Amino acid sequence: MPQSPSLFSADSYFSTQPPPSGLEHDISGVKEFVRRQKEKGRNVVLVTSGGTTVPLELNVVRFLDNFSAGTRGATSAEYFLKAGYAVIFMHRQFSLQPFSRHYSHSTNPFLDFLEIEPGTNMQPSSDVSDPGSMSSQICVTPNKRKDLLEVLTAYKAVHAAGTLHTLTFVTVNDYLWLLRAVSQELSVLKRKAMYYLAAAVSDFFLPRQKMSEHKIQSGKGSLHIEMDQVPKILKPMVDDWTGKDGFIVSFKLETDPALLVPKAQISLERYGHQVVIGNDLNRRKYEVVFISWKDALPPSSKGPNSDLSNPRYAESWLKIDPHDHNKEIEEDIVAELVKRHKIWITGAEASTK
Ligand code: PMT
């Protein structure tokens with residue numbers, strides 16, 4: 001076991017940290033989903049969404065959390081479904097989900113959309129053979145019907161088509177194990193798979209071997225915890241888990257606008273994947289920047305960046321009107337990625353002819 005403080009590689013992480021209990025079950029569901037989508041010839045995108053937690057105790061009472069409501073992931077998943085993709089939606093338990101996000105309990109509680117028709121008997125029927133007697137007297141507020149019908153129609157169509165598969169994580173450990181296993185399953189689709197990593201993943205964690213079994217007791221003054229660094233898993237994901245074929249999109253969140261583009265470029269250079277989407281915390285709902293390779297060459301064929309006057313990154317901004325509340329930037333992000341993914345797929349087909 002690595003000693004404290006340690007730098008875990010992805011391999012040493014997975015050989016020392018235990019898998020979540022439901023992993024096998026989750027993966028057999030993913031395998032079946034991928035098999036069906038492959039049969040139908042669909043592109044599949046893995047969308048990760050929401051923040052991971054780091055528990056401080058084995059019997060967990062306290063944990064650290066990462067910021068993310070899951071808006072980016074849940075909204076993007078809907079637009080991918082609309083574009084004909086099958087979606088594996090891997091999200092933090094209780095964070096926003098596609099479709100139901102429109103009726104979030106805090107911003108748009110669904111009970112506010114319902115009305116009880118006048119004259120309805122407020123006592124639920126005791127007749128068990130007629131459980132619907134109350135519900136038939138509940139209706140949707142007239143001015144909410146159009147929007148609800150639109151969301152409900154899309155939701156039902158996706159369920160009927162079987163194109164959405166949902167997975168849940170809570171801790172960073174759940175996330176890492178799931179991400180590796182799902183990526184490996186998806187890699188059978190080669191270039192038809194896209195990976196859209198919108199989750200906000202913890203940078204530090206407490207290895208299981210260092211965790212207190214019971215609730216950490218207060219009363220001994222300040223608390224000192226030394227955490228280990230979460231391994232940088234994008235590298236093995238690009239090089240090994242996805243078989244170098246997947247179209248991988250990561251996100252970079254910054255709060256200092258001056259750091260956004262340079263940090264996104266460093267990320268692209270370090271991991272050698274296809275796109276980094278930079279977003280500033282306060283402007284993320286109406287502007288993002290795409291950082292990608294300037295030409296279509298795979299990064300492995302590029303060699304060191306010796307010519308600094310000729311940057312090898314393309315930078316393109318997507319912006320929408322911040323005052324237009326009917327427009328979601330994820331619609332444009334997804335449209336742009338679908339376009340680029342198509343080129344990625346046809347590029348591979350052309351090179352094998
Ligand atoms: O959900 P919202 O409230 O709408 O917010 C969306 C968002 C701002 C959280 C999202 O758009 C975003 O930027 N997500 C990435 C946050 C971030 O900066 O992550 P990072 O720097 O820790 O990681 C960079 C990338 O690698 C991310 O794509 C992350 O998902 C991925 N990563 C990082 C570490 C790790 N161990 N595993 C990973 O997959």
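Two strands count as paired here if DSSP finds at least two bridges between them. With that in hand, here's a walk through this predicted model.

Q: How many bridges join β11 to β12?
A: β12 covers residues 275–280, and it runs parallel to β11. The number of bridges joining β11 to β12 is 6.

Q: Which strands stand at the edges of the sheet?
A: The sheet is open and mixed, with 8 strands in the order β7-β4-β1-β8-β11-β12-β13-β14. Neighbouring strands are turned by 15° against each other on average, ignoring direction. A strand with a single partner has one side left without a neighbour in the sheet, so the edge strands are β7 (164–169) and β14 (313–319).

Q: Which element gives the most residues to the shell around the ligand?
A: The ligand is surrounded by 21 residues, and the closest are Thr71, Leu197, Ser250, Phe251 and Leu253. Two elements give two or more residues to that shell, namely α3 (71–82) and β11 (247–254). By class, the shell has 11 nonpolar, 6 polar and 4 charged residues. The top contributor, with 4 residues, is β11.

Q: At about what angle does α3 run to β1?
A: Helix α3 also gives residues to the ligand shell. It lies across β1 (44–49), β4 (86–92), β7 and β8 (193–197). Its angle to β1 is about 165°.

Q: Are α2 and α5 roughly parallel or roughly antiparallel?
A: The axes of α2 (residues 23–40) and α5 (residues 172–186) come within 10 Å and cross at roughly 25°. Angles under 35 degrees count as roughly parallel. That makes the pair roughly parallel.

Q: How many nonpolar residues does the contact of α2 with α5 have?
A: The two helices pass in a right-handed crossing. From α2 come Leu23, Asp26, Ile27, Val30, Lys31 and Val34, which meet Trp177, Leu178, Ala181, Val182, Glu185 and Leu186 in α5. Sorted by class, the contact has no polar residues and 3 charged ones, while the nonpolar count is 9.

Definitions and conventions: Residues are numbered from 1 along each chain as its sequence is written. This is a predicted model: local features need pLDDT of at least 70, side-chain atom pairs count only at pLDDT 80 or more; totals for chains, interfaces and linings use all residues. A residue is near a molecule or strand if its C-beta atom, placed from the backbone, lies within 6 Å of it. Ala, Val, Leu, Ile, Met, Phe, Trp, Tyr, Cys and Pro count as nonpolar, Asp, Glu, Lys and Arg as charged, and the others, Gly among them, as polar. Axes are lines fitted to C-alpha atoms, for helices over the stretch in contact, and angles run from 0 to 180 degrees between N-to-C directions. Two residues are in contact if their C-beta atoms, placed from the backbone, lie within 7 Å. Angles under 35 degrees count as roughly parallel, over 145 as roughly antiparallel, 65 to 115 as roughly perpendicular and the rest as oblique. A crossing is left-handed if the near helix is turned anticlockwise from the far one by less than a right angle, and right-handed if clockwise.
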